[in-house]
Amino acid sequence: MPKRSSGRAKDKAGQSTITGERDTSSQREARYDAVVSELFRRHYKSKPKSFDFERTELLEIIQALKLDSIKNLGDILYTYRFRREFPASIRETATPGLEWAIKLAGRGRYKFRLGPPSRIVPRPDMAAIKVPDSTPEIIARYAQSDEQALLARVRYNRLIDIFLGIATYSLQNHLRTTVKDLGQIEIDELYVGVSRSGQQFTIPVQAKGNSDKLSSAQAEQDYLWCRERYPVLTCRPISAQFMSDRTIALFELSVDKENEVHVTEERHYRLVPRDQISDEDLQSYSLR
């Protein structure tokens, strides 16, 4: 009797997969790690603090390593810009206090750069401010935990107005545009605002669900676009993050002359029914 196949086969990266099934996330991450590690190794021979590379190099590396085809090359770059840390082989080369980041460098071009930490992480010890939840019930019923749900809650509850203390208006979301010398970018949502003195603002907002990480790289490119497109308006970049308990962390950012991004303000907001805001809560807010 012929021996029955177990239905398993080795993929080209040497990892076990089930024939006909999609790769698991761990298998995909292993291939991504192999590609970005080899990319870094090829350019880091002279130990530079930054280097440019082209997106087409990823395809060359995939073929050279004889990995299964990765159709979405952009997802490899997005993963290490916003979702995951670099493999240890890359992190270990960083100077203490600095870390590597991938940034845009033009159409189809990117830059590995060693600099200050690029992750924007909510402070775990910060008290949350309770805000009456004005999210329409039908939105709350069907909203998920991704960035679109976060942007909707921020918009319906006017959290940008509350956070910045100005009147703001959502102008456009998922704005796909280009920045000179950087290439194509996407702004999650763009607000415009006005203060009591008449000063006007552009407010690009980047949003991430609980699983993704905020990055200064996106805030930097949003800021550069606003400065290029609306030079007479004051740009106030905002980052928004869903925390594990559904609290919304908001950060106001600034960009210095060297295009380094800094957190200038952080607040946490918890959307609750109005009867969950006590007199004691209101008294404590008045004393802050």
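**Aromatic pairs and their setting**

Guide: Of the 288 residues in the protein, 44% are buried. Buried means under 20% relative accessible area, exposed means over 50%, and partly exposed covers the values in between, with a 1.4 Å probe and protein chains only. This is a predicted model, where local features need pLDDT of at least 70 and side-chain atom pairs count only at pLDDT 80 or more, while totals for chains, interfaces and linings use all residues. Residues are numbered from 1 along each chain as its sequence is written, and side-chain values use heavy atoms, with hydrogens and water left out.

The protein has nine helices and 15 strands. These are DSSP runs numbered from the N terminus: helices are H or I with at least four residues, strands are E with at least two. The C-alpha trace spans about 75 × 55 × 35 Å along its principal axes. Take the contacts between residues at least 6 apart in sequence: 58% of them join residues at least 24 apart. Contact means heavy atoms within 4.5 Å.

Now the rings. The structure holds 14 aromatic pairs. One of them is F40 with F112, edge-to-face, at 5.4 Å centre to centre and 70 degrees between the planes. F40 belongs to helix α1 (residues 25-43) and F112 to strand β5 (residues 109-115), so this pair ties together parts that are 72 residues apart in sequence. Here is the rule: rings of Phe, Tyr and Trp (its six-membered ring) pair if their centres lie within 6.5 Å, and planes under 30 degrees apart count as stacked, over 60 as edge-to-face, the rest as tilted. F40 and F112 are both buried. They also belong to a cluster. Ring pairs link F40, Y44, F51, F53, Y80, F86, W100, Y110 and F112 there.

Rings also meet charges. R236 lies over the face of F201, 5.3 Å from the ring centre. The charged end of R246 sits over the ring of F242, at 4.1 Å from its centre. The test asks for NZ of Lys or CZ of Arg within 6 Å of the ring centre and within 35 degrees of the ring normal.

Next, helix α8 (residues 216-229). At 1.5 Å a residue, its 14 residues should span 20 Å, and its end C-alpha atoms are 20 Å apart, which agrees. The expected span is 1.5 Å times one less than the number of residues. In α8, 11 of the 14 residues are buried, so the helix is largely enclosed by the rest of the structure. Among those buried are two aromatic residues, Y223 and W225. At the start of α8, a side-chain oxygen of S215 comes within 3.1 Å of the backbone nitrogen of A217.

Two polar residues complete the tour. T168 lies in strand β8 (residues 167-179). T168 is buried, at 3% relative accessible area. Its side chain joins that of D161 through a polar contact of 2.6 Å. A polar contact is a pair of N or O atoms within 3.5 Å; within protein, one must be able to donate a hydrogen and the other to accept it, and residues adjacent in sequence count only if both atoms are side-chain atoms. Beyond four places in sequence, T168 contacts residues including I160, Y191 and I203.

D75 lies in helix α3 (residues 73-83). D75 counts as buried, at 16% relative accessibility. Not counting residues up to four places away, D75 touches Y32 and R83.
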